[in-house]
Amino acid sequence: MKNQSLDDKTLNELREIAGRYPEKRSGLLPMLHLVQSAQGKVTPEAIEACADILDISAAEVSGVATFYTMYKRHAVGDFHVGVCTNTLCAVMGGDAIFDRLKEHLDIGNDEVAEQRQGDQYSVSLEHVECNAACDYAPVVMVNWEFMDNQTPEGAVQMVEALRAGHDVRSTRGPRLCTWREAERVLAGFPDGRVDEGPAAGPASLAGLALARENGWKAPDVAAVPAVEAPKEGQADA
Amino acid sequence: MPDTLTPVLTDMWDVDRAWTLPAYEAKGGYQSLDKAFAMKQDDVIAAVKDSGLRGRGGAGFPTGMKWSFIPQDNPRPKYLVVNADESEPGTCKDIPLMMGNPHVLVEGVIVSSYAIRANKAFIYIRGEVLHVIRRVQAAVAEAYAAGHLGTNIHGSGYDLDVVVHAGAGAYICGEETALLEGLEGRRGQPRLRPPFPAVAGLYASPTVINNVESIASVPSIITNGAKWFASMGTEKSKGFGIFSLSGHVQKPGQYEAPLGITLRELLDLAGGIREGHDLKFWTPGGSSTPLLTAEHLDVPLDFEGVGAAGSMLGTRALQIFDETVCVVRAVLRWTEFYKHESCGKCTPCREGTWWLVQTLARLEKGQGTEADLDLLLDQCDNILGRSFCALGDGATSPISSSIQYFRDEYLAHLTHGGCPFDPARSTVFGSASTVEVSA
Ligand SMILES: Cc1cc2nc3c(=O)[nH]c(=O)nc-3n(C[C@H](O)[C@H](O)[C@H](O)COP(=O)(O)O)c2cc1C
Ligand code: SF4
Ligand code: FES
């Protein structure tokens with residue numbers, strides 16, 4: 001992947017991030033997300049640039065960049081596929097999905113699959129820890145968007161659709177953007193996709209649907225003894 | 001007696017465009033602001049104290065009491081930091097809450113910051129949840145545009161700025177002092193306490209750190225009153241909470257109920273264990289809380305009840321495993337997680353988790369001897385209570401509890417010369433995992 005140097009726009013945005021905080025060093029995590037968006041990984045040049053802006057040493061920046069798993073020292077694919085293999089997802093099928101993808105893409109953990117002739121995009125693979133979506137197990141993340149309730153065969157079809165350049169939607173979110181575009185949002189620069197996707201997936205709504213069916217609500221404020229007169233009940237919807 | 005389920009935080013989730021300000025305000029959103037601003041800050045703290053709200057991030061510390069520890073005579077700025085790192089295995093409530101109802105969190109941030117006299121608040125969200133981060137960023141922007149954030153909010157004279165901060169992948173940053181390190185742009189390694197964050201937290205200033213669900217519960221307490229909140233739940237565990245069911249249940253998902261509901265009741269709501277199978281073991285509050293079994297179906301899921309059963313309520317992350325699951329495999333995988341996530345600061349955890357994985361992996365392969373079980377317990381002894389933070393303690397929970405309840409299953413690996421279970425039977429797609437059609 002070509003590694004263009006950081007342009008003025010990016011350098012200004014890095015300074016802007018640092019300026020959000022009472023002490024500028026607090027900007028380091030989002031700044032590293034931004035440099036990944038600009039360069040596809042954390043480069044030595046980016047480490048110097050962050051150090052320079054924050055008045056800390058390059059070694060300090062480097063120490064931070066190596067601590068957090070989302071920062072990459074080598075390039076990942078346009079679509080970075082993370083299979084949850086923490087216990088619950090693993091048991092529900094995550095291990096089988098991860099094995100199937102490794103075999104299909106012919107790569108190991110944390111590697112980029114070959115971009116074949118005709119592939120529009122590259123994909124990379126890693127196994128991830130619990131991504132707070134266990135009620136949708138087994139879960140796969142693509143560029144940190146949820147792909148809920150996956151199967152080995154469905155995951156293979158998904159990575160093929162991504163390589164071919166087809167639109168793929170998160171099951172609980174928007175049309176997938178590239179990894180670099182995602183990193184930009186994490187740096188605090190919204191991309192306008194916020195209104196895509198649902199408010200909640202089906203599992204999130206399991207309890208609420210039952211409550212609606214049965215007419216269950218939080219207590220009516222008026223029914224709670226000796227309470228200051230409220231303006232309006234909160235649960236009367 | 002409140003209803004079986006009491007949707008308050010989840011009540012927005014089935015609303016059209018629930019994440020937007022108009023939808024939230026149409027349901028009464030941001031009502032608590034004027035009510036709070038008309039109160040003295042200490043009265044807001046008192047209301048939260050009276051409600052009995054206890055931290056929803058795992059430890060259950062009384063929220064109002066935590067706020068009252070902020071030394072108001074300290075001239076430094078005060079900060080509120082929301083812990084939205086949600087990474088404890090099994091825990092999956094804050095993420096859907098921020099996706100479906102981000103404004104209730106923003107409203108809670110405003111009232112809570114007002115109470116502790118903070119003019120700057122941070123929402124630290126784990127980085128691996130892109131769409132959730134979009135939703136919270138947008139909610140904050142909408143709140144500014146509507147005058148719920150910024151200067152002189154609602155003409156009250158109170159100013160508040162909120163920064164949404166994305167983490168970068170590190171379970172340990174859920175630990176509150178490691179989170180502060182991350183927020184200061186450093187490696188996420190826990191700090192020595194005391195001083196506690198209330199005295200010297202972010203930038204060595206007085207800081208309150210609360211879980212997403214704790215902060216999101218505050219608006220309803222202010223709007224409806226402390227007594228309303230306390231009319232739900234049990235004597236020492238008041239209010240409602242989101243219970244997250246995952247694994248081998250018919251209808252996994254989020255169930256918002258008064259604290260004290262039992263797993264038996266929740267399983268009834270969720271349609272029971274998956275067809276043709278039986279409950280084997282479960283976590284009440286994430287992988288760091290000791291496993292329970294079918295004999296604990298009627299334990300009240302509140303802080304005291306689960307504690308009395310030898311575990312912890314934690315984050316109400318109920319991971320349910322049926323009889324097809326090998327407990328040794330499950331525990332080994334969690335232990336590998338703790339080893340990977342150990343921040344390396346202290347020896348008992350850094351070295352101990354490594355040894356635990358070695359010993360467990362050997363047992364899982366059917367190698368080793370019965371004496372390895374005692375070795376494991378001995379290793380746990382050297383970690384529990386000797387680690388610098390609770391990550392190390394948590395790492396021992398699945399091991400010691402699984403040996404307590406399933407010693408024979410460990411031994412079966414030795415007599416069988418390996419794992420006697422077929423992992424394909426536990427999957428949602430069954431044993432024909434390589435030939436089934438896509439979902
Ligand atoms: C290893 C570890 C991970 C934690 N992860 C989280 C987390 O993701 N979210 C959270 O709110 N609390 C987490 N906690 C608990 C926090 O340290 C802290 O107790 C909590 O945020 C306080 O908020 P509360 O009082 O509102 O619960 C974690 C603790 C430990 C030891
Ligand atoms: S217990 Fe583990 S995570 Fe906590 S400080 Fe020690 S090494 Fe780090
Ligand atoms: S275990 Fe996979 S999302 Fe929680």
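Q: What makes up the secondary structure of chain A?
A: Chain A has eight helices and five strands, where helices (H or I, at least four residues) and strands (E, at least two) are DSSP runs numbered from the N terminus. Along the sequence they follow the pattern α-α-α-α-β-α-β-β-β-β-α-α-α. The model is predicted, so local features need pLDDT of at least 70 and side-chain atom pairs count only at pLDDT 80 or more, while totals for chains, interfaces and linings use all residues. Residues are numbered from 1 along each chain as its sequence is written, chains are lettered from A and ligands numbered from 1 in the order in which they are written, and side-chain values use heavy atoms, with hydrogens and water left out.

Q: Why is Leu6(A) called buried?
A: Its relative accessibility is 10%. Buried means under 20% relative accessible area, exposed over 50%, and partly exposed in between (1.4 Å probe, protein chains only), so Leu6(A) at 10% counts as buried. Leu6(A) sits in the segment before α1 (8-18) of chain A.

Q: Which residues does Leu6(A) touch, not counting residues up to four places away in sequence?
A: They are Leu11(A), Val35(A), Ala38(A), Gln39(A), Glu45(A), Ala46(A) and Ala49(A), with contact meaning heavy atoms within 4.5 Å. Asp119(A) is 113 residues from Leu6(A) in sequence and 28 Å away in space, C-alpha to C-alpha.

Q: How much of chain A counts as buried?
A: Of its 237 residues, 59% do. The accessible surface of chain A comes to about 9,200 Å², and 48% of that belongs to carbon and sulfur atoms; such areas come from the Shrake-Rupley method with a 1.4 Å probe, and for residues only the protein chains shown count as cover. Along the principal axes, the C-alpha atoms of chain A fill a box of roughly 65 × 50 × 30 Å. Among contacts in chain A between residues at least 6 apart in sequence, 64% join residues at least 24 apart.

Q: Which residues of helix α8 of chain A are buried?
A: In α8 (residues 206-214), Ala206(A), Gly207(A), Leu208(A), Leu210(A) and Ala211(A) are buried. Their cover includes β6 (253-258) and α12 (263-269) of chain B. Gly215(A) follows α8(A) and has a positive phi, near 70°.

Q: What makes His165(B) count as buried?
A: His165(B) has 0% relative accessibility, so it falls in the buried class. This residue lies in strand β3 (residues 161-166) of chain B. The residues that His165(B) touches, not counting those up to four places away in sequence, include Tyr21(A), Ser26(A), Leu29(A), Pro30(A), Ile123(B) and Tyr124(B).

Q: How do you know that the side chains of His165(B) and Tyr21(A) make a polar contact?
A: The distance is 2.7 Å. A polar contact is a pair of N or O atoms within 3.5 Å; within protein, one must be able to donate a hydrogen and the other to accept it, and residues adjacent in sequence count only if both atoms are side-chain atoms. The value of 2.7 Å is therefore inside the cut-off.

Q: What lies around ligand 1?
A: It is surrounded by 18 residues, the closest being Gly57(B), Asn83(B), Asn210(B), Asn211(B) and Ser214(B); a residue is near a molecule or strand if one of its heavy atoms lies within 4 Å of it. An oxygen atom of ligand 1 is 2.9 Å from an N or O atom in the side chain of Asn83(B). A polar side-chain atom of Lys66(B) lies 3.0 Å from a ligand 1 oxygen atom, and a backbone N or O atom of Arg56(B) lies 3.3 Å from one. The protein covers 89% of the 610 Å² of accessible area that ligand 1 has on its own.

Q: Is Arg316(B) buried or exposed?
A: Arg316(B) is buried, because its relative accessible area is 2%. Arg316(B) is found in the loop between α13 (303-308) and β9 (317-322) of chain B. Arg316(B) has a positive phi of about 55° and is not a glycine.
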